[in-house]
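Good morning. Please look at the structure first.

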Amino acid sequence: MVRRAVLLGGLGLAALQAADFTPLTVLSGPIKSKKAARPPRQTSSTSTSSRKRDELSVLEGGEVVPPKAGHKHECTLIYLHGCSCNAAQYLEDGWELPWTGQDRWPGLRTVLPDAKVMRQPWGDLEPSWHAYVRRSSNKVGDFSTLNQTRDRLAHIVYSEVERLHGEGHRVFLGGASQGCTVALDTYLLQARKLLLGGFVGSVGFLPTDRQGFRGATRALEKLINSHSQRHRPLWLQCATDDDELVPWRTDVKPSLHAATGRLPGLHVKEVTGRGHILDEWEGEFVRKFLEAHATFQ
């Protein structure tokens with residue numbers, strides 16, 4: 001199947017809990033709050049609770065890993081899982097992810113949305129960022145499913161930029177497999193508007209109109225011609241021996257042609273030996289990206 005995503009291991013959350021790690025989990029849809037005509041003055045705990053409810057409402061399902069206790073919020077990474085996976089898998093330790101373990105990135109806030117469960121044309125119900133044309137293709141099927149995801153992710157990105165007082169260069173996007181391509185689609189559409197900091201992803205491809213991502217081809221051209229954004233880092237880790245799930249020869253390599261040599265911030269790392277499932281290579285790639293582009297004084 002083309003959509004098998006990057007699956008993380010099964011080590012559980014014990015190591016995270018031992019490492020001062022308290023993720024915020026969303027188990028359902030938006031939380032609706034009633035408006036009072038003259039709301040009473042809130043205590044500090046009530047204000048905190050209200051902020052958490054607002055945060056859950058924006059995320060609409062997923063996980064949030066705050067900065068380490070005692071550390072200032074320096075930057076945010078919004079990172080999307082692959083098709084048929086979920087955000088909770090990215091809380092597991094042992095995969096070099098920069099938001100897990102004892103040596104996690106201190107000032108990093110990580111936002112891990114969950115894809116909505118949808119029925120694919122061949123009948124399967126699975127978490128997915130959009131429907132596909134058919135089982136053997138990575139092309140977008142019902143465009144309305146992608147459009148809903150675009151709206152939702154744009155809301156999340158705007159919220160994170162606002163949280164950092166409008167400093168969009170401190171907000172990064174990324175993902176793996178289908179999540180890589182969909183997060184990159186959102187990055188192309190929103191980067192110039194919000195002056196976003198960059199992108200990092202693995203085993204995905206540059207979204208194009210030809211693959212069903214309407215407007216992505218034009219958005220890439222605008223990014224290439226943007227003096228303020230064309231030098232921002234756009235890192236992709238691509239498995240050249242992936243011949244089945246997100247094929248290098250037919251899906252990934254052709255998608256890069258429009259940006260190669262034209263987008264100064266583009267960095268493509270070609271890897272081989274593991275096919276689509278990169279395991280700790282995925283986390284190491286994200287760490288190197290943050291070390292290079294997310295160190296703020």
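Helices α3 and α4 are oblique to each other, and that follows from their angle. Oblique is what remains once angles under 35 degrees are called roughly parallel, over 145 roughly antiparallel, and 65 to 115 roughly perpendicular. The angle between α3, residues 143-163, and α4, residues 178-194, is about 50°, and their axes lie 10 Å apart. Axes here are lines fitted to C-alpha atoms, for helices over the stretch in contact, and angles run from 0 to 180 degrees between N-to-C directions. Helices are DSSP runs of H or I with at least four residues, strands are runs of E with at least two, and both are numbered from the N terminus.

Before I go on, this is a predicted model: local features need pLDDT of at least 70, side-chain atom pairs count only at pLDDT 80 or more, and totals for chains, interfaces and linings use all residues. Residues are numbered from 1 along each chain as its sequence is written, and side-chain values use heavy atoms, with hydrogens and water left out.

Back to the pair. The crossing of α3 and α4 is right-handed. That means the near helix is turned clockwise from the far one by less than a right angle; if it is turned anticlockwise, the crossing is left-handed. Which residues of α3 and α4 meet? On the α3 side they are L146, T149, R150, L153, A154, V157, Y158 and V161, and on the α4 side V182, D185, T186, L189, Q190, K193 and L194. By class, this contact of α3 with α4 has nine nonpolar, three polar and three charged residues. Nonpolar covers Ala, Val, Leu, Ile, Met, Phe, Trp, Tyr, Cys and Pro; charged covers Asp, Glu, Lys and Arg; the others, Gly among them, are polar. Contact means heavy atoms within 4.5 Å.

As for α3 by itself, this helix has 21 residues and reaches 30 Å from its first C-alpha to its last, close to the 30 Å expected at 1.5 Å a residue. The expected span is 1.5 Å times one less than the number of residues. Just after α3, H165 takes a positive phi of about 60°.

In the loop between β6 (125-127) and α3 we find H130. Is H130 buried or exposed? H130 counts as buried, because its relative accessibility is 2%. The cut-offs are under 20% relative accessible area for buried, over 50% for exposed, and partly exposed in between, with a 1.4 Å probe and protein chains only. Neighbours within four places in sequence aside, the contacts of H130 include L146 and V182, and both of those residues also belong to the meeting of α3 with α4. H130 and T149 are 19 residues apart in sequence, with 7.3 Å between their C-alpha atoms.

Now the other partner of α4. Helix α5, residues 216-224, packs against α4 at an angle of about 45°, with the axes 9 Å apart. This pair is therefore oblique as well, and the crossing of α4 and α5 is left-handed. From α4 the contact uses D185, Y187, L188, L189, A191 and R192, and from α5 it uses A216, A219, L220, K222 and L223. The classes in the contact of α4 with α5 are eight nonpolar, no polar and three charged.

V203, in the loop between β8 and α5, has a positive phi of about 45° although it is not a glycine. V203 counts as buried because its relative accessibility is 3%. E60 sits in the loop between α2 (44-59) and β2 (62-65), and its phi is near 60°, again positive in a residue other than glycine. At 22% relative accessibility, E60 counts as partly exposed.

Next, helix α7, residues 280-293. This helix has 14 residues and spans 20 Å, close to the 20 Å expected. Its buried residues are E282, G283, F285, V286, R287, F289 and L290. Strands are part of what covers them, including β3 (75-80) and β10 (266-271).

Finally, the whole chain. It has seven helices and ten strands. Of its 297 residues, 54% count as buried. Among contacts with a separation of 6 or more, 77% are between residues 24 or more positions apart.
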